[in-house]
Amino acid sequence: MTALAVRDLSKSFGGLRVTTNVNLAVEPGERRLIIGPNGAGKTTLFNLITGELRPDSGSIQLFGQDITGAATRKRAHLGMARTYQIITLFPRDTILRNAMLALLGLSPLRWNPWLPLHRQQHLLDEAHAALGRVGLDRIAERPLAETSYGEKRRVEIAMALAQNPKVLLLDEPFAGLSIDERRDVSRLLAAIPREVTIVMIEHDMDTALDLADRITLLHFGEVIVEGTRAEVVANPRTREVYLGE
Amino acid sequence: MIGRNLAIAAAIIALAAVPYAIREPYYVNVASQILLYAIFALGLNILVGYAGLVSLGHAGLFGVASYAVASLLAAGFGHTIAIVGALVVGLTFTAGFAALALRATGISFIMITLALGEILWGLAYRWISLTNGDNGINVSGRPKPFGIALTSANAFYDATLIIFLVAVAAVAIFVRSPFGATLCGTRDQPRRMNALGYHVWMIRFGAFMFSGLLTSVAGVLFVYYNEFISPQTLALTASAEALLMVISGGAGTLLGPIVGAALVVIMKNVVSAYVVRWNFMLGAIFVAIVIFMPEGLVPGAARLFRSAVRMMSRSKPVPVVERMS
């Protein structure tokens, strides 16, 4: 069964067509890279898939279940997690508490108004484990405001992974990182088990190409080319719209 | 942990000793007012401080609970029914407020709550058959819980103190709970909360109801304290005053609204006896707070204390050898 199936998805902002009849079929365990120039509609596509935007037409299925009309929070409970291109974390809290909020989101405990959160040992353990996966456990108690940009990026990934998603959407996980940090994040992503299907938007072709099984090239909201790494790179349309060669 | 428990115990004993220390019934009544307004401010702070939703209509909810007690008593019901009924009415109106206001956030939320508060004020003022209009409703007699008469200033203070302590404990527990953490999350990053699987609207609604419950409790205490209720209680200035208590003391802190309530009530009731233009003084104090402690008195004082401690420790000369190692 297809992990994530997008059929004939369209979205316009007024007269501007940002997504035009997009079709995607991502198989379970696949690493799909979505590339395209600025304004190609990559993040809009993510926002449609996660439900933060409503499509004008088309459908989205997660493991065969239609989620086109489902609320964003519902999709999280069905196993969809995402990171943001612009870091979207809780700046007043510690790294640990950020991770705990990610875990709490899928726990019935989130409605509890009387238990002390800092004494929920299983949540604490899981949060430490999630931070351990991205190498931040050592500084778990540090306030988020006192962490570097690269560390924040890793917190983003840790929070998504903490939810144990079936489908993980990564919106430019390498954006703004140094070469060393890129290598670290790249290793971290490569270590994610194949039970997790990954769809990733990325500008940094060198780093991202190594991770991808298949690549989709978007341009002006349309899928221009789709195929394996070799096919897409060899395709003349890719060179034309993206590589600019 | 033990130090903190001792501090809490000391604070409770000090609060219980207040009537014996000040003796004068007038000032004991002022102390009661501080406590009941502190409950109101604690309730408003749930929305303003922890949910990041500024309400300018809370005096409406406060007043509705007061009017409900007065009307039920006037209709011949007993105190128990009047109090329970007032809380039910208060929560019902809170749910209505929440359902309408939570369609928006930010400035729009403020404007909707302001409009709703003004509607209730207008109703209290004009629906004369129900509210007696400008003349207000007199309430004769306070309840006698467990046979203890609350007629004296001291007895009323003690009853208010018990309810106040329960309210503070409830807010303290709430803030540290998972739900409290998620509420702060919806304040700081609603979009992310939604993507993490939280029902942002429902979380805010729950917080609004808790806020409304505390506000209604304060409203019930107010009408028994004053033994009178008039439309003035629901006016916009009353909502603004409650908001000033929260902001001046420190929104999003446990002690801030209590300190803010004390500040405003003391200015209104004590300083006004000596200074004719006490409103001007209150304004000047708020301007000073905004300039020197924009985060509010409680967090501001904590910040000054910390930097003072740092200054003290820095001024100690450090031996060169020690510095080298």
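Helix 1 (residues 42-50) of chain A lies across strand 1, strand 2 and strand 4 of chain A. Its direction makes about 65 degrees with strand 2 of chain A. Axes here are lines fitted to C-alpha atoms, for helices over the stretch in contact, and angles run from 0 to 180 degrees between N-to-C directions. Helices (H or I, at least four residues) and strands (E, at least two) are DSSP runs, numbered from the N terminus. Two residues are in contact if their C-beta atoms, placed from the backbone, lie within 7 Å.

This is a predicted model, in which local features need pLDDT of at least 70, side-chain atom pairs count only at pLDDT 80 or more, and totals for chains, interfaces and linings use all residues. Residues are numbered from 1 along each chain as its sequence is written, while chains are lettered from A and ligands numbered from 1 in the order in which they are written. The model scores ipTM 0.91 and pTM 0.92. The average pLDDT of chain B is 92, and 97% of its residues score at least 70. That score is the predictor's confidence in each residue, from 0 to 100.

Four strands of chain A form an open sheet in the order 2-1-4-5, with antiparallel pairing. Strand 2 and strand 5 (65-66) of chain A stand at the edges with a single partner strand each, so one side of each has no neighbour in the sheet. Two strands pair if DSSP finds at least two bridges between them.

Take the pairs in turn. Strand 1 (residues 4-13) and strand 2 (residues 16-26) of chain A run antiparallel and are joined by seven bridges. Phe13(A) stands opposite Leu16(A) of strand 2. These two strands form a hairpin with two residues between them. In its turn, Gly14(A) has a positive phi of about 60 degrees.

Strand 1 of chain A also pairs with strand 4 (residues 57-62) of chain A, through five bridges and again antiparallel. Across this pair, Leu4(A) stands opposite Leu62(A). Ala5(A) has Gln61(A) as its bridge partner. Ser10(A) stands opposite Ser57(A).

Strand 4 and strand 5 of chain A are joined by two bridges and run antiparallel. Here Leu62(A) has Gln65(A) as its bridge partner.

Gly41(A) sits in the loop between strand 3 (31-35) and helix 1 of chain A. Is Gly41(A) buried or exposed? Gly41(A) is buried, because 23 other C-beta atoms lie within 10 Å. The cut-offs are 20 or more other C-beta atoms within 10 Å for buried, 12 or fewer for exposed, and partly exposed in between, with C-beta atoms placed from the backbone. Beyond its neighbours within four places in sequence, Gly41(A) is in contact with Val18(A), Thr19(A), Leu218(A) and Gly221(A). Gly41(A) and Thr20(A) are 21 residues apart in sequence and 9.4 Å apart in space, C-alpha to C-alpha.

Step out to the whole of chain A. There are nine helices and ten strands in this chain. Buried residues make up 43% of its 245 residues. Of the contacts in chain A with a separation of 6 or more, 68% join residues 24 or more positions apart. The C-alpha atoms fill a box of roughly 55 × 40 × 35 Å along the principal axes. The radius of gyration is 18 Å, which agrees with the value near 18 Å for a compact globule of 245 residues. This radius is taken over C-alpha atoms, and the globule rule is 2.2 Å times the number of residues to the power 0.38.

Last, the interface. In it, 20 residues of chain B are in contact with 26 residues of chain A. Helix 7, helix 8 and helix 9 of chain B each supply at least two residues of the chain B side. The largest share, seven residues, comes from helix 8 of chain B. By class, the chain B side has eight nonpolar, eight polar and four charged residues. Ala, Val, Leu, Ile, Met, Phe, Trp, Tyr, Cys and Pro count as nonpolar, Asp, Glu, Lys and Arg as charged, and the others, Gly among them, as polar.

Helix 8 (residues 178-188) of chain B is mostly covered, with ten of its eleven residues buried. Among them are Phe179(B), Leu183(B) and Arg187(B). The buried residues of this helix pack against helix 3 (95-104) of chain A. Within chain B, they pack against helix 2 (25-51), helix 7 (153-176), helix 9 (190-195) and helix 10 (200-226).
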